[in-house]
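Q: Hi, I'm new to this one. Could you walk me through it?

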Amino acid sequence: MQISGHPSGPWTTAVEIVVPVKNEEHDLGPNIRRLREFLDTAFPFPAEVCIADNGSTDATYEIGALLAVELPGVRVVRLEQSGRGRALKKVWSESAADVLAYMDVDLSTNLNALLPLVAPLFAGHSDVAIGTRLSNGSRVVRRPKREFISRSYNLLLRATLSAHFSDAQCGFKAIRADVAQQLLPLIEDTSWFFDTELLVLAEKAGLRIHEVPVDWVDDLDSRVAIAKTVGEDLRGIARLWRNLGRGRIDLEPVRQAFGRPRILDPRTALAARVLRFCAIGVLSTAAYALLYLVLRQGMPAQVANVLALLVTAVGNTALNRRVTFGVRGLENRWRHQLRGLVTFGIGWSLTASSLWLLHTAVAAPHQAVEITVLTLANLAATVVRFSLFQTWVFDDDAPTLPTFEPPAVLDQTRSN
């Protein structure tokens with residue numbers, strides 16, 4: 001590893017901002033100068049910029065070395081092996097700064113978000129801070145394909161790893177140095193999944209993650225190999241899910257180091273939630289069957305089915321909200337009920353199609369047969385319903401449907 005730059009001498013570093021680069025000879029010079037100028041004129045904390053060259057084969061390192069000579073508060077580190085995660089882990093582990101951050105070299109994120117990113121870390125309010133492009137306060141311009149992939153990935157993290165942060169992949173993050181020293185040895189990935197692994201482990205350890213809405217403009221020259229990265233991310237999710245589920249990652253020392261609430265075994269917590277959900281499901285199914293039988297005396301099967309489902313769906317959502325997921329108070333109650341009605345629609349489609357198939361096969365089936373078929377259909381819908389409850393219905397921070405800014409926003413964002 002090669003290191004070049006101004007000696008620390010009188011330079012006191014409160015924040016070290018790592019810029020991981022690989023073959024960025026064209027963007028490196030102007031963007032590092034722009035970043036250094038911002039830090040010198042508009043940022044209140046002493047900050048150092050570290051250019052972390054990981055495996056470049058062009059003139060990136062040489063340009064970085066010239067910048068380190070030219071600009072006070074800039075240094076360059078050379079790693080022969082590629083990998084953004086490897087570069088971040090190396091530099092962060094050896095840094096003497098109080099707060100460690102990183103950003104992409106293209107500076108897609110508006111630099112005005114840097115102070116809101118690090119301020120909660122200096123205040124001790126938060127342990128990790130991330131920029132998010134998926135909150136209502138963010139202003140984002142990017143291609144529909146990238147938007148869809150990003151939102152789908154973060155929804156997948158919610159469904160598989162019960163993640164609650166909104167944007168794992170935004171290249172704009174910070175962490176307190178003392179927290180990093182505890183978490184970095186636990187992270188296995190050395191590439192793009194590094195960010196996700198860091199956030200998941202921090203969240204599972206009970207650490208507080210602060211999110212900052214950002215203005216973000218897509219880099220049209222991005223060289224991320226999407227197909228390869230998606231494959232690596234899926235393997236990373238599977239590995240992390242296995243290791244956490246089998247208790248192979250010891251997060252208890254992290255919790256104890258920072259005085260966080262005791263960590264519940266994720267398997268025990270999930271099992272308890274499933275049991276409560278199933279108990280309410282049995283109660284709802286019994287209520288549904290009884291109500292269906294009563295309504296069926298005076299109306300067609302499909303009408304009785306939808307009315308019985310609607311009534312029990314409202315009660316089911318209310319009970320799960322309070323008992324299974326521990327949501328109290330009136331705030332967002334109607335939003336939760338509306339989302340619960342979406343899951344009702346799924347249950348209705350399964351039961352309605354089951355009734356249709358039954359009446360197609362048998363002209364006048366006995367009511368006992370109808371009840372049996374509907375009960376089986378309800379059980380099939382239960383798995384889908386629990387997944388939606390877990391990842392969306394009661395999660396008020398869940399990403400909404402993709403929205404795309406008009407082209408006019410591009411100029412406005414760049415002007416900031």
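A: Happy to! Let's begin with helix 7 (residues 194-204): nine of its 11 residues are buried, so this helix is largely enclosed by the rest of the structure. Buried means under 20% relative accessible area, exposed means over 50%, and partly exposed is in between (1.4 Å probe, protein chains only). Helices (H or I, at least four residues) and strands (E, at least two) are DSSP runs, numbered from the N terminus.

Q: What kind of model is this, and how are residues numbered?
A: The model is predicted, so local features need pLDDT of at least 70 and side-chain atom pairs count only at pLDDT 80 or more, while totals for chains, interfaces and linings use all residues. Residues are numbered from 1 along each chain as its sequence is written, and side-chain values use heavy atoms, leaving out hydrogens and water.

Q: Back to helix 7, which residues are buried there?
A: They are Phe194, Asp195, Thr196, Glu197, Leu198, Leu199, Val200, Leu201 and Ala202.

Q: And what follows helix 7?
A: Glycine 206 does, and its phi is positive, near 85°.

Q: Which residue other than glycine has a positive phi?
A: Asparagine 23 is one of them, with phi near 55°. Asparagine 23 sits in the loop between strand 2 (15-21) and helix 1 (28-42), and is partly exposed, at 22% relative accessible area. Leucine 107 has a positive phi near 55° too. Leucine 107 is in the loop between strand 5 (99-103) and helix 4 (114-122), and is buried at 8% relative accessibility.

Q: Why point those out?
A: Because most residues other than glycine have a negative phi.

Q: New topic: aspartate 53. Buried or exposed?
A: Buried, because its relative accessibility is 0%. Aspartate 53 belongs to strand 3 (residues 47-54).

Q: What does the side chain of aspartate 53 make polar contacts with?
A: One partner is the side chain of serine 56, at 2.4 Å, and another is the side chain of arginine 78, at 2.7 Å. A polar contact is a pair of N or O atoms within 3.5 Å; within protein, one must be able to donate a hydrogen and the other to accept it, and residues adjacent in sequence count only if both atoms are side-chain atoms.

Q: Last one: where is leucine 310?
A: Leucine 310 is in helix 11, and counts as partly exposed at 36% relative accessibility.
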